[in-house]
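Me: I have a chain open and want to go through its fold with you. Can we start with the loops and work inward?

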Amino acid sequence: MLMQADESQLVLVDFQARLKPAMLDAEAVWANAARLATLAKAMQLPIWGTEQNPSRLGEMPPEIRSHCRQVLAKMHFSAVEEGLGEWLKPETPQAPRGNARSLPRHLQKTQPAAQERQTIVLGGCEAHVCLLQTALDLLEDEFEVWVVTDACSSRTERNRDAAYDRLAGAGAELVTAEMVAFEWVRSAEHPEFKLLQTLFK
């Protein structure tokens, strides 16, 4: 029932400059996203970002964007519609090239697949539009989806809360940034526990 760090990936949906002024509790929400990204990077977890129509809505702020392996510019509200799901799946190892009979025996064997990380930790906005549609598509693709409620926002409380109700009903887990951080780290003896303490004072 607890989240496993070695099975987790962090996806930050549309934390963009021109959206921020309209979002509820924007400062706290953006700060929680940055905290999780900092901890995830220190723990070598994959971090991905999305930007909705960045030419009109601007980019992610550097304190979030700099942690992302890649940032997906999109026009669809669901990032899965534009290829996010492929990013989240491990790369399939390529078969060795050349005549199989001429290759050394160790090269003829199938290479082990990269570790699957099926737990997707999501934060972003708007909770009832891009985050919701991305999360529902990820659930349909059989990922485990954990939505960080204090790293999500909408323009109105009603829209945000309706998104949480729908996500919980669809099978997403609703958590907070601190819940995620402490479940990733698990122990006061973890090498990143001191970082966690500085991030979540």
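Me: Where does Asp25 lie?

Reply: Asp25 is in the loop between S1 and H1. Keep in mind that this is a predicted model.

Me: What is the phi of Asp25?

Reply: Near 50°, which is a positive value in a residue other than glycine.

Me: Is Asp25 buried or exposed?

Reply: Exposed: the relative accessible area of Asp25 is 52%, and the cut-off for that label is over 50%.

Me: Which residue just after H1 takes a positive phi?

Reply: Gln44, at about 65°. Gln44 sits in the loop between H1 and strand S2 (47-52). Gln44 is exposed as well, with a relative accessible area of 66%.

Me: And H1 itself, what span should its residues have, and what do the end C-alpha atoms give?

Reply: H1 has 17 residues, which at 1.5 Å a residue should span 24 Å. The end C-alpha atoms of H1 are 24 Å apart, so the two values agree.

Me: Which residues of H1 are buried?

Reply: Ala26, Val29, Trp30, Asn32, Ala33, Ala34, Leu36, Ala37, Leu39 and Ala40.

Me: What does Trp184 touch?

Reply: Leaving out residues up to four places away in sequence, Trp184 touches Met3, Gln4, Ala5, Ser8, Leu36, Leu39, Ala40, Met43, Leu45 and Val121.

Me: Switching to the strands. How many of the residues of S1 are buried?

Reply: Six of six. Both faces of S1 are covered, with Ser8, Leu10 and Leu12 on one side and Gln9, Val11 and Val13 on the other.

Me: In which sense does S1 pair with S4, and over how many bridges?

Reply: Parallel, over six bridges.

Me: What about S4 with S5?

Reply: S4 and S5 are paired in the parallel sense over six bridges. Of the ten residues in S5, seven are buried.

Me: How far apart are the C-alpha atoms of Thr119 and Glu144?

Reply: They are separated by 4.7 Å, while the two residues are 25 residues apart along the chain. Thr119 is in S4.

Me: Is Thr119 buried or exposed?

Reply: Buried, because its relative accessibility is 3% and the cut-off is under 20%. Not counting residues up to four places away in sequence, Thr119 touches Met3, Glu7, Ser8, Gln9, Glu144 and Trp146.

Me: Which residue in S5 stands opposite Cys125?

Reply: Ser153. Ser153 is buried, with a relative accessible area of 0%. A polar atom of the Ser153 side chain lies 2.6 Å from the backbone oxygen of Leu24.

Me: What else does Ser153 touch?

Reply: Besides Leu24, the residues are Met23, Val29, Gly124, Cys125, Glu126 and Ala127, again leaving out those up to four places away in sequence.

Me: Back to Cys125: is its peptide bond to Glu126 cis or trans?

Reply: Cis, with omega near -10°. Glu126 lies in the loop between S4 and helix H6 (127-140).

Me: Last, the overall counts. How many helices and strands are there?

Reply: Nine helices and six strands. The protein has 201 residues, and buried residues make up 47% of them.

Me: Of the contacts with a separation of 6 or more, what share comes from residues 24 or more positions apart?

Reply: 73%.

Me: And the accessible surface?

Reply: About 11000 Å², with 49% of that belonging to carbon and sulfur atoms.

Terms used. Residues are numbered from 1 along each chain as its sequence is written. This is a predicted model: local features need pLDDT of at least 70, side-chain atom pairs count only at pLDDT 80 or more; totals for chains, interfaces and linings use all residues. Side-chain values use heavy atoms; hydrogens and water are left out. Contact means heavy atoms within 4.5 Å. Helices (H or I, at least four residues) and strands (E, at least two) are DSSP runs, numbered from the N terminus. Buried means under 20% relative accessible area, exposed over 50%, partly exposed in between (1.4 Å probe, protein chains only). The expected span of a helix is 1.5 Å times one less than its number of residues. Accessible areas come from the Shrake-Rupley method with a 1.4 Å probe; for residues, only the protein chains shown count as cover. A polar contact is a pair of N or O atoms within 3.5 Å; within protein, one must be able to donate a hydrogen and the other to accept it, and residues adjacent in sequence count only if both atoms are side-chain atoms. Two strands pair if DSSP finds at least two bridges between them.
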